[in-house]
Amino acid sequence: MKLSPFLIFCFCLILTQINAQGNANKKLPRVAIAGLGIESSTFSPALTTEEAFKAKYGADIFTSYPFLAKDSANRGRADWVPTLMGKSLPGGAVTREAYESLVKQTLALLKKGAPYDGLFFDIHGAMSVVGLDDPEGDFIVRIREVIGTKTVISTSMDLHGNVSWRLAQNTDLITCYRMAPHEDAMQSKKRAVDNLLSRLESGKGKPAYKAWIPVPILLPGEKTSTRIEPGKTLYSKVAPAAAQPGVIDAAIWIGYAWADEPRNHAVVMVTGDDKAVVSKTAEQLAASFWKVRSEFEFVAPTGTLKEALDKAVKSQKHPFFISDSGDNPTAGGAGDVTWTLQEILARPEFKNDNGPALIYASIPGPDLVKAAIAAGVGNKVDSYAGAKVDSRLAPPLHLVGTVEAIEQGDRNAETEVVVKVGSVRIIVTAKRKPYHKEADFTRLGLNPRKADIVVVKIGYLEPELYNMRADWILALTPGGVDQNLETLGYKRIKRPMFPLDKDMRDPDLKAQFVPASGAK
């Protein structure tokens, strides 16, 4: 019997309503959110306290993830239980008291909201804690003690994080950024959540296989940027590898070079349900990394500070950027080393108002900030800045200059002042702050595009700075994140390690299968 178009339409409408009702009655997975993130140097004398993490609690955590906004598709795919999320600027090792406080708060909140089908675990992976190895591994083990081993954990990380065997075993799904600078950070976090939700919705749950390969390479981020070769080609292999049938995700961690722990080295991990494909893919990525180990070079021309300043002064390309790399606060430096600024102010070119216009960002100096506020804009200030945390290379710097700007209320710096000394405009902050965006300068009345020279405590230039540079040199300055790794004096990393041991034999890069969380 041939059905009329009208009857076919009615039949389809009924089916649609039945399916919609079924979906409406379907129980959503219950998913928690937790994490702590910091990159911390054990070669810096700085210590990181609890307040640095600026912890968010409950629904406030959603503001960190646009893909979990109220009207987003992912927000409606789960019954979300956000607990505690803390993210700190990179710095020195975290005090044990701060770590224990934040972890115990997280565990209490997780216990209160249990049980869970899944957990989105958002970490950096390079946290160092005084007296504790592998903090992220410790953290996830303690989380498992609260939520059990049936809960599927999906971990998102920075590619400069470290993946210990313990962390690999206790997570189920794991991924990391594929770009340095990390322009894909939010995309990577979303991928971790999408992977988790897909596995929960499909009923597949944990991956059948997790391949883990430690690669004995330890390099700074300034040599492994994905803007240039060989990092560019190496990381271009990751997305296609993850898109293969039988694979859930693939990742390459460069690791973190400025901490001295056994877990600090590169790692490749691939997760999925096809053992042969997972194993082969992990081994191919690891072999690709090892093959190009000697090809990594700095992302920019390098030189001593004197060479950098000589070149910048003579250059007709403005603004000429100089990276003050040894005390980079976004790599874990204390941020208050005065050595570079002392050298700049000692040069005759910058002693007069009509010398090359140089902007220096930045130096913490709470005493000078207070003095500048008391003096007011347009008046002279005479005080000291820097070297309260790291005075190993140079003492606090005596600055006498004119206050040109005072701005309050910054999330990190709290209060910022601009002091002009000769032809140098120095940004002095109440607390350390990285200067990555053009607005960081313009809100202080500074125009970096019209400056002759801009010196920033940074390694590779972040996108906005990179795009405005006319020329750029990475100054190999001293500090807690010195680019010359051989001078740091590692005692605890696993050896041999390239490039510290340049003539080492080829390592065994066969895939090691990590037991599922909860497996004996």
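Predicted model: local features only at pLDDT ≥ 70, side-chain atom pairs only at ≥ 80, totals over all residues.
Local features need pLDDT of at least 70 and side-chain atom pairs count only at pLDDT 80 or more, whereas totals for chains, interfaces and linings use all residues. Residues are numbered from 1 along each chain as its sequence is written, and side-chain values use heavy atoms, with hydrogens and water left out.

Strand β17 (residues 397-410) pairs with β18 in the antiparallel sense over 7 bridges (pairing requires at least two DSSP bridges between two strands). Glu-407 has Glu-416 of β18 as its bridge partner, and a hairpin of 3 residues connects β17 to β18. β18 also pairs with β19 (residues 424-429), antiparallel over 6 bridges, with Val-418 opposite Ile-427. The hairpin between β18 and β19 has 2 residues between the strands, and Gly-422 in this turn has a positive phi of about 65°.

In helix α10 (residues 339-346), the buried residues are Thr-340, Leu-341, Ile-344 and Leu-345. These residues lie on the same side of α10 because they cover an arc of only 130° around the axis (taken from the directions from the helix axis to the C-beta atoms).

Methods:
Helix = DSSP H or I, 4+ residues; strand = E, 2+ residues; numbered from the N terminus. Buried < 20%, exposed > 50% of the residue type's maximum accessible area, 1.4 Å probe, protein only.
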